[in-house]
Amino acid sequence: MNTKILALFLAAIGACQAADKLNIITSTQDLASLVTEVGGDHVTVDSIAKGYQDPHFVEPKPSFLLNLRKADMLVVVGLQLEIGWLPPLITQSGNSKIQVGNAGYVDVSQFCEILEIPTTQVTRAGGDVHPLGNPHYWLNPENGRRIAKALADKFSEARPADKAYFAGRYADFDKRLTEAIKRWDAQMAPYKGRKIVTYHRSWPNFTEHFGLVVVDYVEPKPGIPPAPSHTLELINTMKRDNIKVIMVEPYFDLRAPNSIASAVGGSVAVLMPSVGGVKEITDYFKLFDYDINLLVSTFAKVK
Ligand SMILES: [Zn+2]
């Protein structure tokens, strides 16, 4: 075979393989990272929200619709995290595979441990409460494991011939995650029981896993911006309980957290809730590496 024909032949094989790849769209970059862990080069993946954006509010762009139109599968966080922007995109995509209830619509919350499920009727008076439970559940690495397992199963259903491939990728991820969790747990062990304040209720799964105690929030109610009376109360609570660290998501105004921290002689840690929050957080493992390193150095700074 001459080289020109060989090149054409290889290109044709490449095109076939590309055509056979599962085309996945995720709502967030955390999910995209887990899709890559399990799907490897048998999938293509793109995320709608970027990790530095507030996932409750994403500006729809026309390119999102084009991507959704071609998707084999849409993977979402669910629990109404994306309720403000995703439902119209799904409808307008006209792609029957990814409509809610169809096989290509994958809501991974159903496989995870969910906290803060309201036990009473939710009203708007309680603020912007997520009525189905806290949707920031990917911040417990054990939920990352559950999501990855669910993805391996979904991909295998869609591409039965690749079942062993996805199972192998999951097994490898599972092993690396177990090792990483051991390392993270060891780093956080000295701070077990440490009381902290967070801005939004983004961290219950994270703090529960790592044994931190969230005493209060900068937001007086979920989704409601800081108010002077609540801020004063918070300063008193933090002084009384000797709480020094405020965890803040990158897309919130730092003025209130900074002034509270300086009033109590504490420190603000701008932790990243998502992959892609800053450039160096390129995958699910680096997300925890970044947040835990920052938290540990913040705790060390405030004593
Ligand atoms: Zn939220």
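Of the 303 residues of the protein, 48% count as buried, where buried means under 20% relative accessible area, exposed means over 50%, and partly exposed lies in between, with a 1.4 Å probe and protein chains only. This is a predicted model, in which local features need pLDDT of at least 70 and side-chain atom pairs count only at pLDDT 80 or more, while totals for chains, interfaces and linings use all residues. Residues are numbered from 1 along each chain as its sequence is written, and side-chain values use heavy atoms, with hydrogens and water left out.

**Overall form**

- The protein has 10 helices and eight strands, taken as DSSP runs numbered from the N terminus, with helices being H or I of at least four residues and strands being E of at least two.
- Taken along the principal axes, the C-alpha atoms of the protein fill a box of roughly 80 × 40 × 35 Å.

**The zinc site**

- The zinc ion has as its protein donors His-56 (NE2), His-130 (NE2), His-136 (NE2) and His-200 (NE2), which lie 2.2 to 2.5 Å from it; donors are N, O and S atoms within 2.8 Å of the metal (3.2 Å for Na, K and Ca), and since water is not among the atoms, sites may look incomplete.
- The arrangement around the zinc ion is tetrahedral because the four donor atoms subtend angles of 91 to 133°, and four donors count as tetrahedral if all angles lie between 85 and 135 degrees.
- Along the sequence, the donor residues of the zinc ion follow the spacing H-x73-H-x5-H-x63-H.
- His-136 is buried, with a relative accessible area of 1%, and His-130 is also buried, with a relative accessible area of 12%.

- His-130 is placed in the loop between S4 and H5, and Glu-116 lies in the loop between strand S4 (105–107) and helix H5 (141–158).
- The C-alpha atoms of Glu-116 and His-130 are separated by 8.9 Å, with the two residues 14 residues apart along the chain.
- Most residues other than glycine have a negative phi.
- Glu-116, a residue other than glycine, has a positive phi near 55°, and with 35% relative accessibility Glu-116 counts as partly exposed.
- Gln-80 is not a glycine either, yet has a positive phi of about 70°; Gln-80 lies in the loop between strand S3 (73–76) and helix H4 (86–93) and counts as partly exposed at 31% relative accessibility.

**The cavity**

- The structure holds one cavity of 30 Å³ or more, a cavity being a set of points on a 1 Å grid over the protein atoms alone where a 1.4 Å probe fits but cannot get out, with lining residues having an atom within 4 Å of a point.
- The largest cavity contains about 40 Å³ of space, and its lining is formed by Thr-28, Gln-29, Ala-49, Lys-50, Gly-51, Gln-53, Pro-55 and Ser-274.

**Thr-231**

- Thr-231 is placed in helix H8 (residues 228–241) and counts as buried at 13% relative accessibility.
- From C-alpha to C-alpha, Thr-231 and Thr-26 are 36 Å apart in space, and they are 205 residues apart in sequence.

Note on methods: On a 1 Å grid over the protein atoms alone, a cavity is a set of points where a 1.4 Å probe fits but cannot get out, and a pocket is an open set with protein on both sides within 12 Å along at least five of seven lines; lining residues have an atom within 4 Å of a point. Grid points are joined across faces, edges and corners, and a volume is the space filled by probe spheres set on the points. Four donors count as tetrahedral if all angles lie between 85 and 135 degrees; four count as square planar and six as octahedral if opposite donors are over 155 degrees apart and all others between 65 and 115; anything else is irregular.
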